[in-house]
Amino acid sequence: MDAISELNRRFGAAGRIAFREGPGGFPIAALVAPQGVCEVCLLGGQVLSYRAPGFQDALWLSPLAEFAEGKAIRGGIPVCWPWFGKAPAGFPEGTPAHGFARKALWRAIGSEYGARDTSLTLELTEADATDPAWPHPYRLSLTVTLGDCLTLDLQTRNMGDRPFTYGESLHAYLRVGDARQVRLFGVTPEPLAFSDDATHDEVYARPDAVVALQDPVMERVLGLAADDAAGLVVWHPALEQAPGDVPLGGPRRFVCVEPANPHHIGGEIALAPGKSHTLTLRLQPTQPK
């Protein structure tokens, strides 16, 4: 039995959860619930899309995204772990940014569905992926639940006999009609605006934040809530500073709003042996009032 058939046998459910072979041969799971559909790639443990009834996709995925082990997929909701941004002080020079979880191949370990919700749980351990700079045994699980909203629960458990400290982010690329026209409410006293000429890259200390991205072009509001996040990262590159896997004009199509526990603001998490911590993201589109 091939890998896709085995995944469907163990975790699939007719009309609710189905696996297929995606770009690069990596498995992609389609989740269906009464209130929407989403797709999750096992490469990176990454949600690629989320569509609620009556709305276009809430997430942006670059048409130039690479699907290859050891590469990060541009768009969707990458999992940045066990650090966000540049590696913290004390890590070797050249340690890759944003950690190794977003480039690793995760394993499906469970699925459930009911009258209103459909969920898939993925797992990553040091037997699956690690880095010379990260010597700690760990268990990382991501549960993606599709219901009235899209919910991601990222749990980290210390499986070793020594404490460790880590950082993380759920790096959501929110799809917009035109970034120059959207406004982000709830992060600062005044709404945030974005332009073609200047990169916006800030970490805002705000626990359990609830923010709203108002988009007059797509005629919707994307509401994002977070639990157990020390801050929110807001990133939007200037047109001339976009990464190479973002197409020309691509920055006008997304704004990144991401719950995080980053070392930049002292938000990293310290875990004792056997203990765990869960970072939660909830995303839901609504009609503007």
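Is His98 buried or exposed, going by its relative accessibility? His98 comes out at 15% relative accessibility, so it counts as buried (buried means under 20% relative accessible area, exposed over 50%, partly exposed in between, with a 1.4 Å probe and protein chains only). We'll come back to that histidine in a moment.

Some ground rules before you click. This is a predicted model, in which local features need pLDDT of at least 70 and side-chain atom pairs count only at pLDDT 80 or more, while totals for chains, interfaces and linings use all residues. Residues are numbered from 1 along each chain as its sequence is written, and side-chain values use heavy atoms, with hydrogens and water left out.

**Stop 1**

His98 is not a glycine, yet its phi is positive, at about 65°. Most residues other than glycine have a negative phi, and most peptide bonds are trans.

Stay in that loop and pick Pro82, which lies between β5 (79–80) and β6. The peptide bond leading from Trp81 into Pro82 is cis, with omega near 5°.

Now jump to Asp228, in the loop between β16 (220–227) and β17 (231–236). Asp228 is another non-glycine with a positive phi, about 60°. With 46% relative accessibility, Asp228 counts as partly exposed.

**Stop 2: helix α1**

Select residues 3–11, which make up helix α1; its buried residues are Ile4, Leu7 and Phe11. These cover an arc of only 65° around the axis, so they fall on the same side of α1 (the arc is taken over the directions from the helix axis to the C-beta atoms). Turn to the other side of α1 and you'll find Arg9 and Arg10 exposed.

What lies over the buried residues? The cover includes β1 (17–21), β2 (27–33) and β6.

**Stop 3: the open sheet**

Color the strands β6-β7-β8-β9-β20-β16-β15-β13 in that order: these 8 strands form an open sheet with antiparallel pairing (two strands pair if DSSP finds at least two bridges between them). The edges are β6 (107–113) and β13 (183–185); each has a single partner strand, so one side of each is left without a neighbour in the sheet. On average, neighbouring strands here are turned by 15° against each other, direction ignored (axes are lines fitted to C-alpha atoms, for helices over the stretch in contact, and angles run from 0 to 180 degrees between N-to-C directions).

β15 and β16 make a hairpin with 4 residues between them, and Glu219 in the turn has a positive phi of about 55°.

One more step takes you from β16 to β20 (residues 276–286), an antiparallel pair with 7 bridges. Here Gly223 has Gln284 as its bridge partner in β20. Of the 8 residues of β16, 6 are buried, so this strand is largely enclosed by the rest of the structure.

**Stop 4: Arg74**

Arg74 is in the loop between β4 (46–51) and β5. Its relative accessible area is 19%, so it is buried. Show its side-chain partners: a polar contact of 2.8 Å joins Arg74 to Tyr173, and another of 2.8 Å joins Arg74 to Asp245 (a polar contact is a pair of N or O atoms within 3.5 Å; within protein, one must be able to donate a hydrogen and the other to accept it, and residues adjacent in sequence count only if both atoms are side-chain atoms). Leaving aside neighbours within four places in sequence, residues in contact with Arg74 include Trp60, Leu61, Trp235 and Pro243 (contact means heavy atoms within 4.5 Å).

**Last stop: the cysteines**

How many disulfides are there? The count is 0, with a disulfide taken as a pair of cysteine sulfur atoms within 2.5 Å. Cys80 is in no disulfide either, as the nearest cysteine sulfur, that of Cys256, is 9.4 Å away. Cys41 is buried at 0% relative accessibility, and Cys80 is buried at 0% too.

How values were computed: Helices (H or I, at least four residues) and strands (E, at least two) are DSSP runs, numbered from the N terminus.
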